[in-house]
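Subject: Structure handover

Hello,

The structure we talked about is below. My notes on it follow.

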Amino acid sequence: MRILRRLMYVFRGRRHEVELAEEMEFHRQMAEAAERENGRPDASDSARRRMGNMMQASEEARGVWLAPWVEGVWQDLQYGARSLIKQPGFTAMALLALGLGIGLNTSLFTVFNAVALRPWPVLEPGRMVNILTTEPGRMHQRFGGFGAVEYRFLRDNSRTLQGVILMRSEQVRIDEQVEGQRSRCHFVTGNYFDVLGVQMALGRGLTAEEDKVEDPRPVAVLSYQTWQTRYGGDAGILGRTIRLDGAPFMVVGVADEAFTGTSMDRHDVWVPMATLPVVRPLEKWARQMLTDPHFCCSSMAGRLADGATREQAQAELTALTRQFQSQLGEKPHDVMLTGTAFFARPDSKKKVITVMGLLMAAVAAVLLLACANVSNLLLARAAARQREIAVRLSLGAGRRRIVRQLLTESLLLAVAAGGLGLGLAQVLPDFVLRQMADAPPVLNLRPDTAVLAYTSCIAMLTAVLFGLAPALRGTRMSVNEAMKGQSANVSPRFRLRSVLLGVQVAISVVLLMSSGLFLQGLRRAEDRDPGFAVDGVTILTVDLPVDRYDEQRGSALMAEAAERIGPIAGSGKVAMALLAPLGNARIVTGFRMPGQREEQESPLAGQAVSGEYFEVLGIPMLAGRSFVPGDRGRHSIIVNEAMARRYWPSGSPVGSAILTGKDRREIVGVARDAEILGLGPAEPMYFEPYDGGNRAVLVFRANEAAGRQAAALVSELEKGAVVSVTPMRQQLERWLGPTRIGAAMAAALGLLALVLASVGVYGVIAYSVEQRRREIGVRVALGARPGQMVGFILKSNARALMAGLGAGALGAIAMAKLVRKTFPDVSGLDPVVWAGVMLILMAAGVAACVMPARRAGRVDPVRALQHE
Amino acid sequence: MGKQEILPGTLDMLILKSLAREKRHGYGIAEYLKAVSEDVLEVGESSLYPALQRLLLNGWVKAEWGASENNRRARYYTITAAGRKQLASESREFDRMIGAIQRVMGAAS
């Protein structure tokens with residue numbers, strides 16, 4: 001009850017004070033009037049005087065309402081701030097260690113939050129849902145999309161969704177974009193911007209009238225980014241015509257800067273879904289997509305109607321889609337609704353969670369290390385403040401009160417460090433992302449409530465972690481002895497310090513070990529034989545204008561290009577592929593063995609290549625043959641060694657078949673393992689025949705000059721083609737880029753760990769020397785030489801150091817297993833890394849011992865003993 | 001005769017007592033105590049108002065605005081049921097104390 005009334009007071013705040021003032025003024029006037037009636041001329045003065053100090057009275061009256069601890073906390077804060085300022089060295093050290101620790105954690109969380117947790121930047125994102133299909137009873141669950149016809153059916157019949165949108169993204173050329181990356185064009189239903197509630201920076205969004213299949217209007221909305229970079233923020237952009245893969249579109253709007261789109265892709269331009277055949281006039285599927293009910297799969301999302309829940313919508317959509325599918329005679333699928341954050345999708349969750357978990361563990365370890373460090377510093381400080389604390393204890397302050405005060409100090413430190421950490425998290429992720437990718441993904445890294453909450457929690461947690469033990473230790477003392485300047489019960493405090501020492505060593509072993517593994521992994525990746533020819537191989541990417549080249553014309557032109565390049569290519573062979581080797585892209589198909597049901601399909605990676613591919617890249621056939629003309633029609637495939645080993649362990653797969661969907665694919669050859677999908681142990685994969693299309697990669701042996709010559713030949717054939725030349729060596733380097741960054745980050749973390757641990761070890765040992773000054777003095781007086789002193793100091797800390805190394809080694813073994821599961825590039829534990837890490841730590845440990853020990857050796861026995 | 005400071009710890013009880021019959025405003029309470037004690041007990045503002053806030057906080061009195069005898073806005077305090085209980089227990093305790101003190105003082109030495 002009292003608590004409630006106190007809260008009431010806080011909420012009423014100012015009004016309460018006004019009332020009190022009015023009440024007291026009334027009192028004063030009444031008293032004055034009474035005095036005057038009694039015939040005293042100076043009544044006003046005396047009434048005021050007699051009544052005492054008005055200010056003080058109201059101050060006290062107000063004070064009644066504040067809980068006594070509020071005042072105490074304020075005192076503690078002031079006291080804590082003062083004592084932190086008084087020791088700037090300690091404060092700076094602690095802030096640096098904690099700030100780095102919290103900063104790293106916050107940085108990682110900021111990225112995680114931006115990538116995975118933030119919903120779409122739209123109006124009331126909580127009411128938006130991603131709508132996915134799932135297939136009941138599948139072993140490897142796939143999450144699919146919807147066809148346009150099914151979309152229209154659901155849109156028109158759903159009561160639980162007030163708006164449904166369909167989206168599909170395609171790469172296009174904007175205007176005459178000859179070089180560089182292609183742009184991302186999103187084909188969306190006309191209601192897209194309305195349903196999402198997106199503001200426009202300029203003009204308007206799309207409309208339903210513009211998105212009619214029979215009468216598509218070529219209008220486009222630009223992203224703010226595109227408007228700024230490509231059109232210089234031209235205010236007269238509205239009404240201008242731009243070309244998307246050659247087709248003219250009129251710009252009707254520019255989206256708000258804050259709207260970064262509805263997927264992880266870049267969003268450069270939005271056009272009505274119905275204009276798909278306008279941009280892809282020669283491709284049959286573009287029209288089919290819009291009109292064929294059997295055609296899937298575009299992403300669908302919806303906004304829940306007022307009062308409708310996600311469960312209701314899921315039930316309704318499942319029923320509707322079943323009805324639709326059964327009318328078509330298709331196998332029905334289930335519908336699943338998720339939030340719009342990336343992490344909400346179960347398939348993305350799986351991808352993110354292990355990598356994120358490992359990284360989080362690493363930065364958490366660094367923070368733990370920082371905590372152990374600061375904890376040690378605080379212990380040392382508590383020892384130095386023993387007298388002060390003893391005085392306060394003997395003056396009657398309760399132990400709890402003093403612990404609270406010490407904890408408040410820790411909290412102050414942690415909060416300040418949290419502020420520093422937030423600052424660091426403003427610059428660090430952006431910096432790292434910039435290093436990692438040429439075109440970093442569009443991420444909103446501004447701290448939101450989730451980030452702030454995370455940082456505050458971490459700061460509080462660290463305060464308790466590093467502050468509690470020293471506070472409890474520091475106040476457990478015999479007042480008598482402390483006042484006398486003795487620290488008789490050194491041992492328990494010392495034990496805590498040894499534990500902290502061991503923990504620090506252990507954590508740094510684990511961290512150093514993982515950075516060692518990453519560095520070693522990088523070195524191996526650099527020297528490893530990828531299983532295919534690298535030097536002297538050129539990759540020529542040819543991108544034909546889609547408005548003039550369909551699949552067939554494309555293949556014809558590619559064949560001609562290959563023929564022309566032949567004479568300048570080594571051995572006269574020019575291979576064709578859909579995707580470049582190490583191009584960070586792959587085909588993934590669901591496949592099953594004959595006799596298995598479709599539900600039992602599992603995913604399989606693949607590449608589409610021509611027969612020459614294996615010859616040019618020097619990948620031998622271990623069994624069977626390479627592709628020959630006609631294989632494409634026969635659905636022949638080639639599998640690699642890893643696939644053959646896994647699925648046909650006893651014999652050759654040549655002549656067997658696998659099933660992909662409704663297709664039966666006969667295996668005609670087995671290729672030796674080559675790491676064309678990515679460096680690292682080769683995974684099972686298959687090759688399907690390819691003979692070019694309107695986009696292909698030509699691979700042949702040539703030096704750079706010949707490569708450029710080949711590019712010129714292709715441009716001669718077709719001026720509109722976008723051609724780029726990449727030496728395979730460069731492709732390999734590009735692939736190593738992220739591995740390098742990973743290794744660099746791991747190394748940075750390891751180095752940080754090493755520095756923190758060394759400083760920590762130094763601190764502990766220096767302190768132990770300080771505490772045992774008398775003992776050392778005696779030994780020196782008895783003739784111990786400085787060298788012996790170093791040995792003595794080392795020995796007394798050896799147990800903690802060794803225990804730390806041992807525990808760290810065990811941790812490292814466990815960690816290495818985990819890391820290798822997630823990052824196959826990483827090497828296993830090898831003796832070089834082991835020896836390196838142990839040596840580094842021993843050296844750091846010895847260095848940390850030598851300095852204080854030498855100081856101990858110089859201890860003047862007379863002064864040390866007089867110290868009492 | 002001189003003005004007497006109120007015995008420590010009794011102010012709350014005295015205020016509650018003064019409110020036992022009727023509601024009063026702050027000045028009224030001070031006047032009442034002064035009059036009934038025949039000018040012996042004088043309560044200063046600096047102790048009266050903190051005490052009143054304390055009573056409010058404990059829920060022993062309620063306050064409401066009303067018109068004073070000379071038609072000015074004044075804040076009137078009313079004793080609550082919890083306040084009456086408190087008053088009863090405090091005056092019992094007080095009687096016990098006074099009795100004890102008197103016995104000590106009256107004892108033949």
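In the nonpolar surface patch, helix α24 (residues 728-771) of chain A has the largest share, with 3 residues; helices here are DSSP runs (H or I, at least four residues), numbered from the N terminus. The patch covers about 330 Å² and is made by A:Met93, A:Leu751, A:Val755 and A:Val759. Patch members have over 30% relative accessible area and no salt bridge, and nonpolar side chains are joined within 5 Å. A salt bridge is a side-chain nitrogen of Lys or Arg within 4 Å of a carboxyl oxygen of Asp or Glu. Areas are Shrake-Rupley values with a 1.4 Å probe. A:Met93 sits in helix α6 (residues 88-117) of chain A and is partly exposed, at 34% relative accessible area; buried means under 20%, exposed over 50%, and partly exposed in between.

The model is predicted: local features need pLDDT of at least 70, side-chain atom pairs count only at pLDDT 80 or more, and totals for chains, interfaces and linings use all residues. Residues are numbered from 1 along each chain as its sequence is written, chains are lettered from A and ligands numbered from 1 in the order written, and side-chain values use heavy atoms, without hydrogens or water.

Regards

Methods: Patches are made of residues with over 30% relative accessible area and no salt bridge: like charges are joined within 9 Å, nonpolar side chains (Val, Leu, Ile, Met, Phe, Trp, Tyr) within 5 Å. Helices (H or I, at least four residues) and strands (E, at least two) are DSSP runs, numbered from the N terminus. Buried means under 20% relative accessible area, exposed over 50%, partly exposed in between (1.4 Å probe, protein chains only).
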